[in-house]
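Trainee: I am new to this structure. Could you walk me through a few parts of it?

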Amino acid sequence: MSRLVVVSNRVPVPDKAGNPPAGGLAVALHAALKERGGIWMGWSGKSTGEAEPGPLSIMNNGAIQYALTDLTDRDVAEYYNGFANRVLWPICHCRIDLAEYARREMAGYFRVNRLFADRLVPLLRPDDVIWVHDYHLIPLAEELRRRGVQNRIGFFLHIPWPPADVFFSVPVYESILRGLASYDVVGFQTDYDVDNFAACLRREGSGDRIGGGRFRAYGRSFIAADFPIGMETAEFAELAEDAAHDRRIREMARSMQGRDLLIGVDRLDYSKGIPERIAAYEAFLKGNPEFQDKVVYLQVTPKSRSEVPEYAAMQENVASLAGRLNGSLGSLDWVPMRYINRSLRRPLLAGLYRMAKVGLVTPLRDGMNLVAKEFVAAQDPANPGVLVLSRFAGAARELDSALLINPHDAEGTGRAIARALSMPLAERKERWEHMMKRLLSHDVTHWCADYLSHLEPQRPTLVPEPAP
Ligand code: G6P
């Protein structure tokens, strides 16, 4: 089996005891790396404060080597806070209104991708399989090909791919498309994303599907298909079951005083629809006064990308909406919404999901949304809660037994919340069992193996590749 080389912007470096950080993706990729041996390369998350990026720092952990690079302040500003998070992120989430195009930042994005390629080439062996993750690193394969790398290179986009008209608003859209065509396998979360990507190539006249999941564009042939990411379903379900013994979970249950819990867990990001969700909760409480004082909505929202102005503005907005809701509807001994602005550890989250009667996952647009899957996996099979899920999350393609809602429709979402809270046990069980079956058969290990089986060297491309 050939070695695996994973490249991503962030690298989940293990703790001193060698254990990878919690979370399905980190665990699954570490398992694959451990089995095959390999490298995980990416940004250290730090900046040098100097004019030049730091040297590559290499750490060995058994069969896995971590190769991390510091970036300069300018790199971080232009590549990460700039083009990746102020152009590609909003565009892929259909927020043209929030995209800030600056030539300097676009150039910085391509410069950092060149730096990654320069650093990676000396570490590569001819039969390594390379797997690049997410929108920060789209041009990496093209840069590697320019440097003579002929290995199989795959890409997986964790976020959505937008419709052609939205994507074409990026001034350098053609370089991005050509960058994707330099991979052997381009993975998306859903078939909708693949269709949007195909439409971009067709409209541009630069390529199209040639059948069997294959595309031909910019003189190359490659696979582009959906590989919906899974989670560590069985392990997370166990974590949730064990959490019943956790002191903090018992204290939380006591503090509810018999009220039902609704839960939302999201990074503080405009794509997550948190203000819209608060409006829907308000519409639910006003439209169903019999539920007032009978429910509590817990929103767990760690801060994210605070140096990007749109994110900083959101912090103020969500905090004031939560305060306003509690001020107008709360009473002496009832706080309708609890708002926590930091992350919680996975075992605690698993226990909270299991305690909740309703999971609120209502993004305006989301590649997959693993919170939706985690909520389902954490439920008590004998008395499962109900998932209220945005139809604009990739997860809705698989979890169609959830109550699917349109997050822009506050009243409709409010009605779904009321329905979820009143749903008979038999219906809750039936919906949950259907979703859980899917999550168990399509977990993150299955996802990883399925993707890699498409990337393996024994799967030749239909059309011979031109020499790089
Ligand atoms: C999304 C992206 C990831 C990213 C994560 C956290 O899930 O798909 O690539 O790592 O958000 O964002 P951050 O900017 O903190 O890495």
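Predicted model: local features only at pLDDT ≥ 70, side-chain atom pairs only at ≥ 80, totals over all residues.

Trainee: How many charged residues are in the shell around the ligand?

Mentor: Let's begin with the names: Arg-10, Asp-134, His-158, Ile-159, Ser-304 and Arg-305 surround the ligand. Sorted by class, this shell has 1 nonpolar and 2 polar residues, and the number of charged ones is 3.

Trainee: Is Tyr-311 buried or partly exposed?

Mentor: Tyr-311 sits in helix H11, residues 309-329. Beyond its neighbours within four places in sequence, it is in contact with Leu-268, Asp-269, Ser-304, Arg-305 and Ser-306. A residue needs 20 or more other C-beta atoms within 10 Å to count as buried. Tyr-311 has 18, so it is partly exposed.

Trainee: Where do the buried residues of helix H8 lie on the helix?

Mentor: Helix H8 covers residues 233-242, and its buried residues are Thr-233, Phe-236, Ala-237, Leu-239 and Ala-240. Viewed down the axis of H8, they fall within an arc of 155 degrees, so they line one face of the helix.

Trainee: Which handedness does the crossing of H9 and H12 have?

Mentor: The axes of H9 and H12 come within 10 Å and cross at roughly 35 degrees. Arg-248, Ile-249, Met-252 and Ala-253 of H9 make the contact with Leu-348, Gly-351, Leu-352 and Met-355 of H12. The crossing is right-handed.

Definitions and conventions: Residues numbered from 1 in each chain as written. Near = placed C-beta within 6 Å. Nonpolar A, V, L, I, M, F, W, Y, C, P; charged D, E, K, R; others polar. Buried ≥ 20, exposed ≤ 12 C-beta atoms within 10 Å, placed from the backbone. Helix = DSSP H or I, 4+ residues; strand = E, 2+ residues; numbered from the N terminus. Arc of directions from axis to C-beta. Axes fitted to C-alpha atoms, helices over the stretch in contact; angles between N-to-C directions. Left-handed = near helix turned anticlockwise from the far one by under 90°. Contact = placed C-beta atoms within 7 Å.
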